[in-house]
Amino acid sequence: QVQLVESGGGLVQTGGSLGLSCAASGSIFSVRTMGWYRQAPGKQRELVATITADGSTNYADSVKGRFTISRDNAKNTVYLQMNSLKPEDTCVYYCYVNALILFTGAMDYWGRGTLVTVSS
């Protein structure tokens, strides 16, 4: 079993900054891709950013230059630094982890989500 514990999020004004973190724990052999997705009410969940075990990153066009994803492999933790936030960034943000699980293989896991609200 793998647990994802998210922290961060909250309310911020337009132009402000927030940081999210997500720590994975459990019967993990190794963590592969980690990332963040987000979902606004009535919309589909969308990619924000991902980072592979060797540090390769991928960002949605809407957040490039404003958000930065990073990870600490020793702690199985992924971070998302969000700067220059806009009202349209208001969403529930979900942590994503793809991990190799002992005796099971590669599995996808999702956090419970954390709300980010950007006021105009």
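## A buried cysteine

Cys22 is buried, with a relative accessible area of 0%. This value, like the others in this report, is computed from a predicted model.

Cys95 is likewise buried, and its relative accessible area is also 0%.

## The disulfide

Cys22 and Cys95 are joined in a disulfide, with 2.1 Å between their sulfur atoms. A disulfide is a covalent bond that links the sulfur atoms of two cysteines. The count for the structure comes to one disulfide.

The torsion about the S-S bond of Cys22 and Cys95 is about -80°, and the disulfide is therefore left-handed. Cys22 belongs to strand β3 (residues 18–26), whereas Cys95 belongs to strand β9 (residues 91–101), so the pair ties together parts that lie 73 residues apart in sequence.

Cys91 takes part in no disulfide. The nearest cysteine sulfur to that of Cys91 belongs to Cys95 and is 16 Å away. Cys91 has a relative accessibility of 5%, which is under the 20% limit, and therefore counts as buried.

## Strand β9 and its partner

Strand β9, which holds Cys95, pairs with strand β10 (residues 105–110). The two strands run in the antiparallel sense, and their pairing extends over six bridges. Asn98 stands opposite Asp108, a residue of β10.

β9 and β10 form a hairpin with three residues between the strands. In this hairpin, Phe103 takes a positive phi near 65°.

How values were computed: Residues numbered from 1 in each chain as written. Predicted model: local features only at pLDDT ≥ 70, side-chain atom pairs only at ≥ 80, totals over all residues. Heavy atoms only, no water. Disulfide = S-S within 2.5 Å. Helix = DSSP H or I, 4+ residues; strand = E, 2+ residues; numbered from the N terminus. Buried < 20%, exposed > 50% of the residue type's maximum accessible area, 1.4 Å probe, protein only. Pairing = 2+ DSSP bridges.
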